[in-house]
Amino acid sequence: MTDARTVRTGRLLLKPVSWSDMEDMVRLKQDGSAFGQMLGGVRTRQQAEQDMADDIAFWACHKVGIFTIHEENRFVGMTGVHDRPDGRGFSLRFSLYPWASGRGIAREAASAALNFSHDAGVERLIAVAKESNLSSCSILKGIGMRQCDTFERDGQRMLVYESFRPVPRLPAFSDRRRARLIR
């Protein structure tokens with residue numbers, strides 16, 4: 001049975017994280033080459049388990065969240081949305097194993113997660129990358145995000161990107177017009 005939140009792209013399958021993904025996520029988050037530049041950095045098993053609980057709860061509350069990325073039924077990384085602990089808002093993130101990098105997977109997956117989140121009603125998403133992380137900056141620009149801010153963290157210049165897609169609103173009706181529609 002396929003989860004309605006599952007996203008298929010040309011070559012990838014993105015699935016909302018679940019407890020059955022725990023071992024894959026622990027390995028990814030313990031890999032310094034894959035997760036070392038992420039907010040919070042490399043994670044212990046206990047931290048990864050807490051992240052998983054938070055991610056599952058986030059999906060339940062907001063109808064968006066973190067996806068696992070699979071290429072040809074092989075786990076290659078993660079992408080999706082979380083709420084940044086620094087108060088900047090809902091943020092897109094992505095991480096791949098180094099052996100899966102360089103083939104456009106991160107761009108394809110991040111774009112799919114961004115579109116899924118906007119389609120689910122999230123108007124504004126941000127993403128944060130070190131200025132020196134040229135590949136992440138390139139991916140964020142390539143999926144249509146624009147740089148909107150900067151800040152310093154641990155002596156590093158951080159670039160903030162955003163994507164904004166207004167949620168369509170129903171037109172406002174006057175009381176007289178609303179009354180006509182109800183009759």
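Hi everyone, let's start with R43, which sits in the loop joining helix 2 to helix 3; helices (H or I, at least four residues) and strands (E, at least two) are DSSP runs, numbered from the N terminus. A quick note: this is a predicted model, where local features need pLDDT of at least 70, side-chain atom pairs count only at pLDDT 80 or more, and totals for chains, interfaces and linings use all residues. Residues are numbered from 1 along each chain as its sequence is written, and side-chain values use heavy atoms, leaving out hydrogens and water.

So, is R43 buried or exposed? R43 is buried, at 18% relative accessible area; buried means under 20%, exposed over 50%, partly exposed in between (1.4 Å probe, protein chains only). Beyond neighbours within four places in sequence, R43 contacts K29, Q30, F35, A48 and D51, a contact being heavy atoms within 4.5 Å.

K29 takes us to helix 1 (residues 22–30), where M22, M25, V26, L28 and K29 are buried. They lie on the same side of helix 1 because they span an arc of only 165 degrees around the axis, taken from the directions from the helix axis to the C-beta atoms. Among the partners that the buried residues of helix 1 pack against are helix 2 (32–35) and helix 3 (45–62).

Of its 48 residues, L92, L140 and M145 touch the most other members. Helix 4 (residues 105–119) gives the largest share, eight residues. Apart from this core lies another, of five residues, including V128 and F151.

Conventions: Core = buried A, V, L, I, M, F, W, Y, C linked by side-chain atoms within 4.5 Å.
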